[in-house]
Amino acid sequence: MFVPSTAVLPDGHARDEVWKRDQELYLQATSRPGAKIPHAWLIDKHGHRLSTLDVTGRGKFTLVTGLSGEAWVKAAEELDLPFLRTVVTGSSDTQDPYCDWQRVREIPEAGALLVRPDGYVAWRQSENVFEPARAKQLLQSSLAAVLGKD
C-alpha cells in the first residue's frame, strides 16, 4: 500500500501528469513534489558547468526561484534559518544560458521550489508571488508542514 510522505506537500494546482513514454521504463523530468529535482546544466560565475543537482541539497533545504523571485529571497532572509539556502537561477552563480532549467522547471520565474536535503522536491509554488510578506507566509507554512511542526 502506498503511503504518501508527510515531508512532501502536494501541488494543488497540478493537473494529472502526462507521461510521454512508458512510466515503468523511463524517468520523466518533473518538479512535482515528491520527485527528485530535475537535472539541468547551469553555469557558475567562473564559467564552469554545474547541475541543478549540485546546487541543491548538501545537507540543507534549498529554496529555488528565478530572477523575478525577489520576494522569495527576502522571505528566506527574514526567516534566517540555518538549514535553508536560496538559489536564484539566472543569477551570476547559476546562469541558465541554454534555457535547460526553464524547460524543465514547471514553475514561473517568480514561483519557487523547496528542495529537501536529499534532493527531492518537498513543495512547489506554481504561481508567481511578488509580495515578500506572502512569500514569507507560504514558505514558513510549507517548512512547518514538511518538518512536522504545524
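In the predicted model, a salt bridge (a side-chain nitrogen of Lys or Arg within 4 Å of a carboxyl oxygen of Asp or Glu) joins the side chains of Lys45 and Asp93, at an N to O distance of 3.7 Å. The two residues lie 48 residues apart and link distant parts of the chain: Lys45 sits in the loop between β1 (41-43) and β2 (49-51), and Asp93 in the loop between β4 (84-89) and α3 (100-104). Helices (H or I, at least four residues) and strands (E, at least two) are DSSP runs, numbered from the N terminus. Lys45 is exposed, at 56% relative accessible area, whereas Asp93 is partly exposed at 39%. Buried denotes under 20% relative accessible area, exposed over 50%, and partly exposed in between (1.4 Å probe, protein chains only).

Residues are numbered from 1 along each chain as its sequence is written. The model being predicted, local features need pLDDT of at least 70 and side-chain atom pairs count only at pLDDT 80 or more, while totals for chains, interfaces and linings use all residues; side-chain values use heavy atoms, with hydrogens and water left out.

By the distance rule, six salt bridges are counted. One of them pairs Arg103 with Asp100, with 2.7 Å between the closest N and O atoms. Both belong to helix α3, where a spacing of three residues separates them by about one helical turn. Arg103 is exposed, at 57% relative accessibility.

A salt bridge also connects Glu106 and Arg124 (3.2 Å, N to O). This pair links distant parts of the chain, 18 residues apart, with Glu106 in the loop between α3 and β5 (112-115) and Arg124 in strand β6 (residues 121-125). Glu106 is partly exposed at 40% relative accessibility, whereas Arg124 is buried at 7%.
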